[in-house]
Amino acid sequence: MELMEKSKLNPSPYVEEFHSLMQELIGTLIAQACEMSACIYQKYCIEEKSTKEISEAIHVPQDAVELMAQYYEKNMK
């Protein structure tokens with residue numbers, strides 16, 4: 001999209017729509033990742049729940065919760 005703007009070409013409306021939808025999708029994914037990270041931090045680091053308990057409570061695969069828990073453990077030392 002940036003190249004098209006610099007070249008002064010008129011982009012197809014489909015390209016503009018795709019660009020807009022991708023921006024929205026990426027923004028949503030980032031927001032959801034931040035929310036999940038904050039939730040896991042709260043439950044794991046503050047409430048001291050197990051990764052299995054967290055996984056069941058927030059409906060996220062346990063290996064993903066364990067990965068984030070390892071990250072928090074590593075950075076809290």
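Select Ser-55 first: beyond its neighbours within four places in sequence, Ser-55 is in contact (heavy atoms within 4.5 Å) with Val-60, Pro-61, Gln-62 and Val-65. This is a predicted model, in which local features need pLDDT of at least 70 and side-chain atom pairs count only at pLDDT 80 or more, while totals for chains, interfaces and linings use all residues. Residues are numbered from 1 along each chain as its sequence is written, and side-chain values use heavy atoms, with hydrogens and water left out.

Ser-55 is found in helix α3. Helices here are DSSP runs (H or I, at least four residues), numbered from the N terminus. Is Ser-55 buried or exposed? Its relative accessibility is 12%, so Ser-55 counts as buried. Buried means under 20% relative accessible area, exposed over 50%, and partly exposed in between, with a 1.4 Å probe and protein chains only.

Next, select Val-65, which lies in helix α4. Val-65 has 0% relative accessibility and therefore counts as buried. Not counting residues up to four places away in sequence, Val-65 touches Ile-40, Thr-51, Ile-54, Ser-55 and Val-60. For a distance across the model, pick Tyr-14 as well: Val-65 and Tyr-14 are 51 residues apart in sequence and 38 Å apart in space, C-alpha to C-alpha.

Now select Ile-40, Cys-45, Ile-54, Val-60, Val-65, Met-68 and Tyr-72 together. These seven residues make up the largest nonpolar core. A nonpolar core is a set of buried Ala, Val, Leu, Ile, Met, Phe, Trp, Tyr and Cys residues joined through side-chain atoms within 4.5 Å. Which of the elements gives the most? It is α4, with three residues. In soluble globular proteins, nonpolar side chains tend to be buried together.

Last, show α2 with helix α3 (residues 51–58). Their axes, lines fitted to C-alpha atoms over the stretch in contact, are 10 Å apart, and the packing angle is about 135°. The angle runs from 0 to 180 degrees between N-to-C directions. The two helices are therefore oblique to each other; angles under 35 degrees count as roughly parallel, over 145 as roughly antiparallel, 65 to 115 as roughly perpendicular and the rest as oblique.

To see where the helices meet, select Met-36, Cys-39, Ile-40, Lys-43 and Tyr-44 in α2, then Thr-51, Ile-54 and Ile-58 in α3.
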